[in-house]
Amino acid sequence: LTHEFNTPLTYVTAYTEMLSQENVHLDNLESFREYLRGIQVGTVRLTKLIRDFIQVIDMRTGELQERFLTQAGKIEDVRTAVYQAIAQTPNPNNVPLTHTLEQAGAVPVWGSLELLTEPIGHLLSNAFKFTPHKPNRHGQITISMETSDDQLLIHIQDNGIGIPAYELDKIF
């Protein structure tokens with residue numbers, strides 16, 4: 001947790017300090033924009049971390065369950081949640097993403113579109129972050145859906161670095 005908060009805070013602090021130094025010479029507008037992008041990256045990441053942290057508190061206090069119950073309704077097409085998550089999740093390494101959502105996604109489910117989109121986005125974010133796409137390493141992420149009995153299963157698969165076996169019991 002400390003690392004997760006310190007990393008974006010370091011972006012914001014470092015770029016702000018560099019901009020405030022008297023001896024800084026911004027050769028052109030692009031240099032100034034690069035500093036601002038660094039600050040923006042850090043603030044966006046901090047905002048997401050704080051939102052996630054608050055959501056964990058909401059889960060523990062039962063507030064998230066209450067919000068779910070007030071928001072829940074019939075989701076006609078689960079593909080909407082997947083498409084929203086794809087659109088909202090940055091892919092800084094341009095890792096190719098394919099999806100096969102045609103049949104299964106059209107099955108209606110009961111839930112909250114917002115609360116379904118969010119974990120899909122988190123899974124995609126991790127897949128993008130840990131799946132390198134370089135000339136010698138071709139990353140790939142695939143999203144698919146299937147129905148099984150009375151369940152709708154959403155699969156997100158990547159060929160990234162994976163999770164070490166000793167960390168698996170800490171995931172959930």
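Reader: Is Asn94 buried or exposed?
Author: Asn94 counts as exposed because its relative accessibility is 57%. Exposed means over 50% relative accessible area, buried under 20%, and partly exposed in between, with a 1.4 Å probe and protein chains only.

Reader: Where is Asn94 found?
Author: In the loop between helix H4 (79–88) and strand E2 (97–100). Helices (H or I, at least four residues) and strands (E, at least two) are DSSP runs, numbered from the N terminus. The phi of Asn94 is near 55°, a positive value in a residue other than glycine.

Reader: Before I go on, what kind of model is this?
Author: This is a predicted model, where local features need pLDDT of at least 70, side-chain atom pairs count only at pLDDT 80 or more, and totals for chains, interfaces and linings use all residues. Residues are numbered from 1 along each chain as its sequence is written, and side-chain values use heavy atoms, leaving out hydrogens and water.

Reader: New topic. Which residues of H1 are buried?
Author: Pro8, Val12 and Tyr15 are buried in H1. The buried residues of H1 pack against H2.

Reader: What does Ile39 touch?
Author: Leaving out residues up to four places away in sequence, Ile39 touches Val12, Tyr15, Thr16 and Leu19. Contact here means heavy atoms within 4.5 Å. Ile39 lies in helix H2 and is buried, with a relative accessible area of 19%.

Reader: How many residues apart in sequence are Ile39 and Tyr15?
Author: They are 24 residues apart in sequence, and 6.1 Å apart in space, C-alpha to C-alpha.

Reader: And what should the 19 residues of helix H1 span?
Author: Helix H1 (residues 2–20) should span 27 Å at 1.5 Å a residue, and its end C-alpha atoms are 26 Å apart, which agrees. The expected span is 1.5 Å times one less than the number of residues.

Reader: Ok, the core. Which residues touch the most other members of the largest nonpolar core?
Author: Val82, Ile120, Leu124 and Ile141, out of 14 residues in that core. A nonpolar core is a set of buried Ala, Val, Leu, Ile, Met, Phe, Trp, Tyr and Cys residues joined through side-chain atoms within 4.5 Å. H4, helix H5 (113–130) and strand E4 (141–148) each supply at least two residues of this core, and H5 gives the most, with 4 residues.

Reader: What does Ile120 touch?
Author: Ala81, Val82, Ala85, Ile154 and Ile156, not counting residues up to four places away in sequence.
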